[in-house]
Amino acid sequence: MTQVQEYYDPIFIMRSKDNDSLRIIDLWTFRSTKSNKRYIVEIEGFDKGFYGIKFYWKGVEKSNNRYSILTNDYEPRIILRSCIEIMLRYYYANPSASFGFIAAPDLEEDIEGKKVCRSEGNRRFRFYQRLMVNMFGPETFYQVADTTKTIYVMINMDKLSSGAVTIKEIELRLNQLYVGEFTIDE
């Protein structure tokens with residue numbers, strides 16, 4: 001009997017620094033054995049051990065909507081599990097790490113047949129949220145979200161309970177970085 005692969009093995013590519021925001025951005029990649037598509041995962045490192053996670057199919061890397069484009073390969077669970085594998089590597093290297101992501105809006109066709117981002121609702125966000133809740137327990141991460149802006153944050157419980165980080169600090173930092181009005185539901 002063959003064993004089902006739970007994730008694609010990620011490979012670290014490079015690290016760069018954004019001098020404007022002082023963010024460190026690590027690039028990872030993995031290839032789907034089903035579709036043979038290569039995926040790029042960006043891990044943005046912020047202060048206090050907070051990491052933002054983004055990913056996209058390499059074939060759309062030049063698109064402004066690269067995070068919203070669906071591949072229709074019907075393997076989201078194994079692709080997300082591969083991203084989680086990368087996230088776990090950061091967590092094992094820094095057990096006080098926290099994580100977050102913004103689920104890109106879904107694309108839909110407008111009246112002229114052009115692809116545009118849908119402002120309300122987000123299937124990705126709901127899928128990501130279910131997966132994170134099922135994979136990580138409340139003893140490790142305090143999981144909170146801004147469902148209208150589709151932002152999901154997993155705050156390290158040790159850092160939160162010690163006061164080393166607060167939800168208000170995270171909201172403030174997110175609003176500074178992404179020029180938004182994020183409110184994390186508690």
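Predicted model: local features only at pLDDT ≥ 70, side-chain atom pairs only at ≥ 80, totals over all residues.
Strand S1 (residues 11–18) pairs with strand S2 (23–31) in the antiparallel sense, over 7 bridges. Within this pairing, Ser-16 has Ile-25 of S2 as its bridge partner. S2 also pairs with strand S3 (38–45), again in the antiparallel sense and over 8 bridges. Here the bridge partner of Asp-26 is Ile-43 in S3. S2 and S3 form a hairpin, with 6 residues between the two strands. In the turn of this hairpin, Asn-36 has a positive phi of about 65 degrees.

Buried residues of H1 include Ile-78, Ile-79, Leu-80, Arg-81, Glu-85 and Tyr-90. Among the elements that cover the buried residues of H1 are S2, S3 and strand S4, together with strand S5 (98–102), helix H2 (123–135) and strand S9 (151–156).

Most residues other than glycine have a negative phi. Asn-72, although not a glycine, has a positive phi of about 55 degrees, and Tyr-74, also not a glycine, has a positive phi of about 60 degrees. Asn-72 counts as exposed because its relative accessible area of 52% is over the 50% cut-off. Tyr-74 is likewise exposed, at 67% relative accessibility.

Terms used:
Residues numbered from 1 in each chain as written. Heavy atoms only, no water. Buried < 20%, exposed > 50% of the residue type's maximum accessible area, 1.4 Å probe, protein only. Helix = DSSP H or I, 4+ residues; strand = E, 2+ residues; numbered from the N terminus. Contact = heavy atoms within 4.5 Å. Pairing = 2+ DSSP bridges.
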